[in-house]
Amino acid sequence: MAFSSNSDGGAMSDMNIIPLADVMLVLLVIFMMTAPIPSYPIDIDLPQRSLTPPVNPQDPPEPIRLRIDQSGTIFWNDSPTPMSALRNMMEAEVERDVNNQPTLEIDVNDQAEYGTLAKVLAIARNAQMQKIGFVKK
């Protein structure tokens with residue numbers, strides 16, 4: 001086994017890049033430590049402390065079961081309901097007792113269009129429904 005040595009006394013033409021890599025890694029770490037982390041503000045409505053807590057309802061109303069099937073048909077407590085009638089029905093439920101609203105339980109088929117659910121949620125928000133939940137059967 002023979003090793004070659006640069007015994008002819010000529011200049012060595014290979015560049016040693018180890019010190020260059022070390023300097024580049026140190027600079028990378030410095031830039032990573034000094035770079036500002038971008039932050040984006042998120043507006044969140046947190047509940048505020050109340051001096052008079054609300055009284056718990058003694059008899060909560062029966063929940064409203066709202067089902068959206070694969071074809072986009074909406075069922076209000078197992079009876080088909082057009083989208084145009086939902087807002088009036090939700091407002092009527094809210095007006096019965098504003099402080100003791102029924103829970104709106106939404107069951108959506110996996111194959112239903114998202115647009116139908118988005119419209120139902122917008123209608124519920126505009127009707128001032130406060131208790132909205134999702135159920136999966």
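This is a predicted model: local features need pLDDT of at least 70, side-chain atom pairs count only at pLDDT 80 or more; totals for chains, interfaces and linings use all residues.
Three bridges join strands S4 and S5, and the two strands run parallel. Within it, Glu105 sits opposite Gly133 of S5.

**The sheet and its helices**

Stepping back, S4 and S5 belong to an open sheet of five strands, ordered S3-S2-S1-S4-S5, with mixed pairing. Its edges are taken by strand S3 (79-81) and S5; each has a single partner strand, so one side of each is left without a neighbour in the sheet. On average, neighbouring strands are turned by 30 degrees against each other, with direction ignored.

Two helices meet this sheet. Helix H2 lies across strand S1 (64-68), strand S2 (74-76), S3 and S4, and runs at about 25 degrees to S2. Helix H3 packs on the sheet as well, where it touches S1, S2, S4 and S5. The direction of H3 makes about 175 degrees with that of S4.

**Salt bridges**

If you like to look at charged pairs, the structure holds three salt bridges.

| Pair | Distance between N and O |
|---|---|
| Glu91 and Arg87 | 2.8 Å |
| Arg96 and Glu93 | 3.4 Å |
| Asp110 and Lys136 | 3.0 Å |

Let us take them in turn. Glu91 and Arg87 are four residues apart in helix H2 (residues 83-96), which means that about one helical turn separates them. How exposed are the two partners? Glu91 is partly exposed, at a relative accessible area of 25%, and Arg87 is partly exposed too, at 35% relative accessibility.

Helix H2 also carries the pair of Arg96 and Glu93, which lie three residues apart, about one turn of the helix.

The remaining pair joins Asp110 to Lys136. Asp110 is exposed, with a relative accessible area of 60%, and Lys136 counts as exposed at 55% relative accessibility.

Terms used. Residues are numbered from 1 along each chain as its sequence is written. Side-chain values use heavy atoms; hydrogens and water are left out. A salt bridge is a side-chain nitrogen of Lys or Arg within 4 Å of a carboxyl oxygen of Asp or Glu. Buried means under 20% relative accessible area, exposed over 50%, partly exposed in between (1.4 Å probe, protein chains only). Two strands pair if DSSP finds at least two bridges between them. Axes are lines fitted to C-alpha atoms, for helices over the stretch in contact, and angles run from 0 to 180 degrees between N-to-C directions. Contact means heavy atoms within 4.5 Å.
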